[in-house]
Amino acid sequence: KAKDELMQNMKASREEGEKKLVAWIAEQQAEAESQDETGESREDQKHIIWSWLDKLNSNSDGDEERNWRARLCVSVKGIFKYVSEKQSGEFVRICDFRNVDSVALTGFESAGRPFCFVLNFQDETRIVFAATTDFERSRWVEEIARVLGRGSPSGSPPESKPGTVLCDTVTREIST
(Lines give C-alpha, C1' and ligand atoms only; values in the text may rest on other atoms or scores of the structure.)
Protein backbone atom coordinates (compact mmCIF):
# COMPACT_ATOMS: atom_id res chain seq x y z
CA LYS A 1 0.00 0.00 0.00
CA ALA A 2 2.81 2.43 0.81
CA LYS A 3 4.37 1.77 -2.61
CA ASP A 4 1.03 2.48 -4.33
CA GLU A 5 0.68 5.72 -2.38
CA LEU A 6 4.23 6.77 -3.30
CA MET A 7 3.58 6.03 -6.98
CA GLN A 8 0.34 8.05 -6.84
CA ASN A 9 2.18 11.02 -5.30
CA MET A 10 4.95 10.81 -7.92
CA LYS A 11 2.38 10.75 -10.72
CA ALA A 12 0.61 13.78 -9.24
CA SER A 13 3.96 15.60 -8.91
CA ARG A 14 4.82 14.79 -12.52
CA GLU A 15 1.46 16.07 -13.78
CA GLU A 16 1.75 19.23 -11.66
CA GLY A 17 5.30 19.79 -12.91
CA GLU A 18 4.19 19.41 -16.51
CA LYS A 19 1.38 21.93 -15.99
CA LYS A 20 3.83 24.40 -14.43
CA LEU A 21 6.29 23.92 -17.28
CA VAL A 22 3.70 24.41 -20.00
CA ALA A 23 2.41 27.58 -18.29
CA TRP A 24 5.93 28.91 -17.80
CA ILE A 25 6.88 28.21 -21.45
CA ALA A 26 3.75 30.00 -22.67
CA GLU A 27 4.71 32.98 -20.50
CA GLN A 28 8.28 32.98 -21.85
CA GLN A 29 7.12 32.72 -25.45
CA ALA A 30 4.61 35.55 -25.00
CA GLU A 31 7.37 37.68 -23.50
CA ALA A 32 9.67 36.83 -26.42
CA GLU A 33 7.01 38.05 -28.84
CA SER A 34 6.77 41.38 -27.08
CA GLN A 35 9.08 44.19 -28.02
CA ASP A 36 11.51 45.92 -25.70
CA GLU A 37 12.11 49.70 -25.71
CA THR A 38 14.42 49.48 -28.75
CA GLY A 39 11.77 47.69 -30.78
CA GLU A 40 13.75 44.47 -30.99
CA SER A 41 12.34 41.17 -29.86
CA ARG A 42 14.04 39.30 -27.04
CA GLU A 43 15.98 36.76 -29.12
CA ASP A 44 17.35 34.82 -26.14
CA GLN A 45 13.84 33.81 -25.09
CA LYS A 46 12.94 32.43 -28.51
CA HIS A 47 15.23 29.47 -27.94
CA ILE A 48 13.12 27.38 -25.61
CA ILE A 49 12.99 23.66 -26.18
CA TRP A 50 11.45 21.05 -23.97
CA SER A 51 10.53 17.39 -24.09
CA TRP A 52 10.49 14.23 -22.09
CA LEU A 53 13.97 12.68 -22.03
CA ASP A 54 15.22 9.64 -20.20
CA LYS A 55 18.27 10.34 -18.03
CA LEU A 56 20.78 7.61 -17.25
CA ASN A 57 21.63 7.40 -13.55
CA SER A 58 25.20 8.44 -12.76
CA ASN A 59 27.82 5.70 -13.02
CA SER A 60 25.23 3.26 -14.38
CA ASP A 61 25.10 0.85 -17.27
CA GLY A 62 22.87 2.18 -20.05
CA ASP A 63 21.96 -1.32 -21.19
CA GLU A 64 19.83 -1.91 -18.10
CA GLU A 65 16.28 -0.51 -18.12
CA ARG A 66 16.27 0.08 -14.36
CA ASN A 67 19.04 2.69 -14.68
CA TRP A 68 16.94 5.16 -16.69
CA ARG A 69 14.55 7.82 -15.34
CA ALA A 70 12.04 9.86 -17.34
CA ARG A 71 12.58 13.60 -16.95
CA LEU A 72 10.58 16.50 -18.31
CA CYS A 73 13.47 18.67 -19.55
CA VAL A 74 13.67 22.27 -20.72
CA SER A 75 16.40 24.54 -22.05
CA VAL A 76 16.04 28.30 -21.78
CA LYS A 77 18.92 30.69 -22.49
CA GLY A 78 21.29 27.71 -22.50
CA ILE A 79 20.32 26.53 -19.01
CA PHE A 80 19.22 22.88 -18.97
CA LYS A 81 16.69 21.90 -16.27
CA TYR A 82 14.22 19.17 -15.50
CA VAL A 83 11.05 18.96 -13.42
CA SER A 84 11.69 17.08 -10.18
CA GLU A 85 9.12 14.68 -8.82
CA LYS A 86 10.96 14.60 -5.49
CA GLN A 87 10.73 18.39 -5.16
CA SER A 88 7.01 18.77 -5.90
CA GLY A 89 7.40 19.64 -9.56
CA GLU A 90 10.08 22.30 -9.08
CA PHE A 91 12.83 22.82 -11.65
CA VAL A 92 16.23 21.26 -10.96
CA ARG A 93 19.19 22.71 -12.84
CA ILE A 94 21.21 20.10 -14.71
CA CYS A 95 23.82 22.33 -16.30
CA ASP A 96 24.62 25.39 -18.34
CA PHE A 97 25.23 24.26 -21.93
CA ARG A 98 28.13 26.75 -22.10
CA ASN A 99 30.01 24.38 -19.77
CA VAL A 100 29.63 21.41 -22.12
CA ASP A 101 32.89 20.46 -23.84
CA SER A 102 31.45 18.01 -26.34
CA VAL A 103 28.37 16.04 -27.23
CA ALA A 104 28.50 12.47 -28.47
CA LEU A 105 25.70 10.57 -30.13
CA THR A 106 25.17 7.03 -28.95
CA GLY A 107 22.44 4.48 -28.37
CA PHE A 108 21.52 1.68 -26.01
CA GLU A 109 19.53 -0.69 -28.20
CA SER A 110 19.19 -3.38 -25.51
CA ALA A 111 17.45 -0.86 -23.23
CA GLY A 112 15.24 0.38 -26.08
CA ARG A 113 17.01 3.75 -26.28
CA PRO A 114 18.66 4.12 -29.69
CA PHE A 115 18.59 7.97 -29.73
CA CYS A 116 20.95 9.04 -26.96
CA PHE A 117 23.33 11.93 -26.52
CA VAL A 118 26.12 12.33 -24.00
CA LEU A 119 27.08 15.69 -22.49
CA ASN A 120 30.81 15.62 -21.70
CA PHE A 121 32.32 18.18 -19.33
CA GLN A 122 35.88 19.38 -18.77
CA ASP A 123 36.04 17.70 -15.34
CA GLU A 124 35.45 14.37 -17.16
CA THR A 125 31.91 13.97 -15.87
CA ARG A 126 29.21 13.06 -18.32
CA ILE A 127 25.43 12.97 -18.41
CA VAL A 128 23.54 10.68 -20.78
CA PHE A 129 20.04 11.38 -22.09
CA ALA A 130 17.79 9.41 -24.42
CA ALA A 131 15.24 10.99 -26.74
CA THR A 132 12.34 9.08 -28.26
CA THR A 133 13.26 9.92 -31.86
CA ASP A 134 16.32 10.87 -33.88
CA PHE A 135 14.61 14.19 -34.72
CA GLU A 136 14.12 15.00 -31.03
CA ARG A 137 17.74 14.14 -30.25
CA SER A 138 18.82 16.41 -33.14
CA ARG A 139 16.80 19.30 -31.68
CA TRP A 140 18.69 19.04 -28.39
CA VAL A 141 22.08 18.69 -30.10
CA GLU A 142 21.30 21.71 -32.31
CA GLU A 143 20.40 23.78 -29.24
CA ILE A 144 23.69 22.87 -27.55
CA ALA A 145 25.57 23.74 -30.75
CA ARG A 146 23.72 27.08 -30.94
CA VAL A 147 24.62 27.95 -27.33
CA LEU A 148 28.26 27.04 -27.95
CA GLY A 149 28.27 29.10 -31.15
CA ARG A 150 28.98 26.07 -33.30
CA GLY A 151 25.71 25.74 -35.22
CA SER A 152 25.92 24.48 -38.76
CA PRO A 153 24.64 26.75 -41.55
CA SER A 154 21.84 24.36 -42.41
CA GLY A 155 20.56 24.40 -38.84
CA SER A 156 20.95 20.66 -38.49
CA PRO A 157 23.76 18.70 -36.87
CA PRO A 158 26.26 17.01 -39.16
CA GLU A 159 25.91 13.38 -40.11
CA SER A 160 27.46 11.30 -37.40
CA LYS A 161 27.74 7.68 -36.37
CA PRO A 162 26.81 6.65 -32.82
CA GLY A 163 29.68 7.26 -30.42
CA THR A 164 31.23 9.98 -32.58
CA VAL A 165 32.07 13.24 -30.86
CA LEU A 166 30.79 16.13 -32.94
CA CYS A 167 34.07 18.04 -32.87
CA ASP A 168 33.33 20.44 -35.70
CA THR A 169 30.03 21.75 -34.45
CA VAL A 170 29.53 21.01 -30.80
CA THR A 171 32.94 20.87 -29.15
CA ARG A 172 33.86 24.03 -27.28
CA GLU A 173 37.36 25.30 -27.86
CA ILE A 174 39.29 25.31 -24.61
CA SER A 175 42.07 27.83 -24.34
CA THR A 176 45.01 26.65 -22.29
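At 5% relative accessibility, Glu 143 counts as buried. The model is predicted. Glu 143 belongs to helix α2. Leaving aside residues up to four places away in sequence, Glu 143 touches His 47, Ile 49, Ser 75 and Phe 97.

Strand β2 covers residues 68-76. Of its 9 residues, 7 are buried, so the strand is largely enclosed by the rest of the structure. β2 pairs with strand β1 (residues 48-56) over 9 bridges, in the antiparallel sense. One of the contacts in this pairing sets Asp 54 against its bridge partner in β2, Ala 70.

β2 is also joined to strand β3 (residues 79-83). These two run antiparallel, with 4 bridges between them. Val 76 has Ile 79, in β3, as its bridge partner. The hairpin of β2 and β3 has 2 residues between the strands. Within this hairpin, Lys 77 takes a positive phi near 55 degrees.

## Aromatic pairs

The count of aromatic pairs comes to 5. Phe 117 and Phe 129 form a stacked pair. Phe 117 lies in strand β6 (residues 113-121) and Phe 129 in strand β7 (residues 126-131), so the pair ties together parts that are 12 residues apart in sequence. Phe 117 is buried, at 0% relative accessibility. Phe 129 is buried too, at 0%.

Ring pairs also build a cluster: Phe 80, Phe 97, Phe 117, Phe 129 and Trp 140 are linked in this way. Another aromatic residue, Phe 91, has a charged neighbour. Lys 81 lies over the face of Phe 91, at 5.6 Å from the ring centre.

## Nonpolar cores

Which residues touch the most other members of the largest nonpolar core? They are Phe 80, Phe 97, Phe 117, Leu 119 and Phe 129, out of 23 residues in that core. At least two residues each come from β1, β3, β4 (91-96), β5 (100-108), β6, β7 and α2 (134-147). The largest share is that of α2, with 4 residues. A separate core lies apart from this one and holds 9 residues, among them Ala 104, Phe 108, Ala 111 and Cys 116.

Not counting residues up to four places away in sequence, its contacts include Phe 80, Phe 97 and Phe 129. Leu 119 also touches Cys 95, Val 100, Ser 102, Val 103, Thr 125, Arg 126, Ile 127 and Ile 144.

How many disulfides does the model have? The count comes to 0. The sulfur of Cys 73 has its closest cysteine sulfur in Cys 95, at 10.0 Å, which is too far for a bond. A disulfide needs the sulfur atoms within 2.5 Å. Seen from Cys 95, the nearest cysteine sulfur is that of Cys 73, and Cys 95 is in no disulfide.

Are these two cysteines buried or exposed? Cys 73 is buried, at 0% relative accessibility. Cys 95 is buried as well, with a relative accessible area of 7%.

Notes: Residues are numbered from 1 along each chain as its sequence is written. This is a predicted model: local features need pLDDT of at least 70, side-chain atom pairs count only at pLDDT 80 or more; totals for chains, interfaces and linings use all residues. Side-chain values use heavy atoms; hydrogens and water are left out. Buried means under 20% relative accessible area, exposed over 50%, partly exposed in between (1.4 Å probe, protein chains only). Two strands pair if DSSP finds at least two bridges between them. Rings of Phe, Tyr and Trp (its six-membered ring) pair if their centres lie within 6.5 Å; planes under 30 degrees apart count as stacked, over 60 as edge-to-face and the rest as tilted. A charge sits over a ring if NZ of Lys or CZ of Arg is within 6 Å of the ring centre and within 35 degrees of the ring normal. A nonpolar core is a set of buried Ala, Val, Leu, Ile, Met, Phe, Trp, Tyr and Cys residues joined through side-chain atoms within 4.5 Å. Contact means heavy atoms within 4.5 Å.
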